[in-house]
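Morning, everyone. I have one structure to go through today, so let me put it on the screen.

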Amino acid sequence: MRLSGLQKEVLALYRSCLRESRKKPVSTRAHFEQFARSEFDRNLRIEKRDFAAIEFLLRKGRRQLDVYSNPGIKDVR
């Protein structure tokens, strides 16, 4: 199955989130992974053709990733 450009971007963002979680302390790493998984699962029902919503969520996700990738942030709730 071939993936569209937006689908590739979503997968790349998810992989980036998981990569960043590996840089966090072992005690809170699972919290970051669980948070990322829940955010993506929450938006799973969005229609594939709703490009505006997907692009908005990609921008929002990238901003969140920038914030949470800060070394000063040790845990996420």
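This is a predicted model: local features need pLDDT of at least 70, side-chain atom pairs count only at pLDDT 80 or more; totals for chains, interfaces and linings use all residues.

Residues are numbered from 1 along each chain as its sequence is written, and side-chain values use heavy atoms, with hydrogens and water left out.

The largest nonpolar core has seven residues: L6, L13, C17, A36, I54, L58 and L65. By nonpolar core I mean buried Ala, Val, Leu, Ile, Met, Phe, Trp, Tyr and Cys residues joined through side-chain atoms within 4.5 Å. Buried is under 20% relative accessible area, exposed is over 50%, and partly exposed is in between, with a 1.4 Å probe and protein chains only. At least two residues of this core come from each of α1 (5-21) and α3 (51-68). Helices here are DSSP runs of H or I, at least four residues, numbered from the N terminus.

Now the rings. Phe, Tyr and Trp rings (for Trp, the six-membered one) pair if their centres lie within 6.5 Å; planes under 30 degrees apart are stacked, over 60 edge-to-face, the rest tilted. That rule gives three aromatic pairs. In one of them, F32 and Y68 sit edge-to-face, 6.4 Å centre to centre with 75° between the planes. F32 is in α2 (residues 26-42) and Y68 in α3, so this pair ties together parts 36 residues apart in sequence.

Is F32 buried or exposed? F32 is buried, at 7% relative accessible area, while Y68 is partly exposed at 25%. F35 and Y68 also pair edge-to-face, because their ring centres are 5.5 Å apart and their planes at 85°. F32, F35 and Y68 form one aromatic cluster.
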